[in-house]
Amino acid sequence: MEKRKRAYPLFVKLPVWCMVVFAAISFSCDSKLETPPPNRKAQVQLISEQVLRYELQQSARAGESDASGLCVAISDGRTLTDPDPDTLGRLRARDRVRPASDCRYGRTLVIGPLVWVNSDEVRAGAAYLKAGTGETRLAYRVVLEDGYWRCVGPILLADPL
């Protein structure tokens with residue numbers, strides 16, 4: 001008795017063939033599928049919060065904490081705004097942080113503007129203002145790792161004489 005091959009209908013063969021071709025093309029390409037860039041406007045508060053946390057840790061290590069605390073603001077390059085209430089609440093849990101609109105004197109850290117290097121790296125400009133002593137300009141590198149923004153640290157800027 002002769003064994004006959006089973007004939008599969010076209011509606012079964014075609015999808016299987018397409019999946020095989022797609023898999024072969026996908027594996028033959030070395031390029032990685034990139035995630036779409038984050039909504040940049042929505043990321044500003046998250047990035048600013050990480051820079052503020054980094055600076056608060058550094059000032060605590062240097063013994064710069066005082067009774068008046070630190071005033072914080074976010075700059076878009078033109079105007080200063082207070083961080084959103086959720087960010088302030090998280091920062092206040094550990095440190096004496098106040099929005100800049102409530103401050104008349106003392107230390108103020110202004111974050112911004114942000115310069116996007118690529119979809120997962122930002123250069124955050126900053127200015128550290130101390131009453132009576134002037135202003136110090138800073139820049140921080142902030143990267144997106146495992147879905148969370150992380151301030152890596154300050155960027156050393158060359159200042160020509």
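Leaving aside its neighbours within four places in sequence, which residues is Val-142 in contact with? The first legend answers this, after a short note on the model. This is a predicted model, in which local features need pLDDT of at least 70 and side-chain atom pairs count only at pLDDT 80 or more, while totals for chains, interfaces and linings use all residues. Residues are numbered from 1 along each chain as its sequence is written, and side-chain values use heavy atoms, with hydrogens and water left out.

**View 1. Val-142 and its contacts.** Beyond its neighbours within four places in sequence, Val-142 is in contact (heavy atoms within 4.5 Å) with Ile-47, Val-51, Asp-120, Glu-121, Val-122, Ala-124, Trp-149, Arg-150 and Cys-151.

**View 2. The largest nonpolar core.** A nonpolar core is a set of buried Ala, Val, Leu, Ile, Met, Phe, Trp, Tyr and Cys residues joined through side-chain atoms within 4.5 Å; buried means under 20% relative accessible area, with a 1.4 Å probe and protein chains only. This core has 21 residues, and Val-51, Leu-109, Tyr-140 and Val-142 touch the most other members. Helix α2 gives the largest share, five residues.

**View 3. Two aromatic pairs.** Rings of Phe, Tyr and Trp (its six-membered ring) pair if their centres lie within 6.5 Å, and planes over 60 degrees apart count as edge-to-face. Tyr-54 and Tyr-140 make an edge-to-face pair, 5.7 Å centre to centre with 70° between the planes. Tyr-54 sits in helix α2 (residues 40-61) and Tyr-140 in strand β6 (residues 134-145), so this pair ties together parts that are 86 residues apart in sequence. Helices (H or I, at least four residues) and strands (E, at least two) are DSSP runs, numbered from the N terminus. Tyr-54 and Tyr-140 are both buried. Trp-116 and Trp-149 are also edge-to-face, at 5.7 Å centre to centre and 75° between the planes. Trp-116 belongs to strand β4 and Trp-149 to strand β7 (residues 148-154), so the pair links parts that are 33 residues apart in sequence.

**View 4. Ser-75 in strand β1.** Ser-75 is buried, with a relative accessible area of 14%. Leaving aside neighbours within four places in sequence, Ser-75 is in contact with Leu-80, Val-110, Ile-111, Gly-112 and Pro-113.

Key:
Phe/Tyr/Trp six-rings, centres within 6.5 Å; stacked < 30°, edge-to-face > 60°. Buried < 20%, exposed > 50% of the residue type's maximum accessible area, 1.4 Å probe, protein only.
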